[in-house]
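Hello,

Here is the structure I promised to pass on. Please have a look at it first, and my notes on what turned up follow below.

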Amino acid sequence: MQKPKATPDNARLDRIVAAARRDAEQRNNGYRERALKMYPWVCGRCTREFTRANVQELTVHHRNHNHDDNPADGSNWELLCVYCHDNEHARYVDHAAGSMGAAAAPAAATAQPFAGLQALLEKRGKG
């Protein structure tokens, strides 16, 4: 005996489609989509060109490293490929750590993991 086919819940499908359209509109208003519409799809460092097939590898870099600073004219953005973007952030972290001077130096290690090893070895040798 076959199970009767379930009838689709049209109200639920309508809600899903409406949510998908709303989410797409919000994404289009996001800074990444605005930057992709505003600038050519070329990495600002290595000049690699991108197409629809690989645009997911193109990122928006905030020049002042403040992700909340998104002016409408895009003056704080630059498009970078994922490799150049990672390099830029690594350089920024290195620069920030270097500018802190000695305060950024790690504390000297004080743990002595082998402190009682000699006594244990001697004890084991006698037993």
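T47 sits in the loop that links α2 (31-38) to β1 (58-62). Keep in mind as you read that this is a predicted model.

As background, most residues other than glycine have a negative phi. Is T47 buried or exposed? T47 has a relative accessible area of 54%, and the cut-off for exposed is over 50%, so T47 counts as exposed.

H65 also has a positive phi without being a glycine, with a value near 65 degrees. You will find H65 in the loop between β1 and β2 (77-81).

Now for the wider picture. How many helices and strands does the protein have? There are four helices and two strands.

- The protein has 127 residues, and 17% of them count as buried.
- The accessible surface comes to about 10,300 Å², with 54% of it belonging to carbon and sulfur atoms.
- Of the contacts between residues at least 6 apart in sequence, 48% join residues at least 24 apart.

If you open the model, T47 and H65 are the two loop positions described here.

Best wishes

How values were computed: Residues numbered from 1 in each chain as written. Predicted model: local features only at pLDDT ≥ 70, side-chain atom pairs only at ≥ 80, totals over all residues. Heavy atoms only, no water. Buried < 20%, exposed > 50% of the residue type's maximum accessible area, 1.4 Å probe, protein only. Contact = heavy atoms within 4.5 Å. Areas by Shrake-Rupley, 256 points an atom, 1.4 Å probe, with all protein chains shown as cover.
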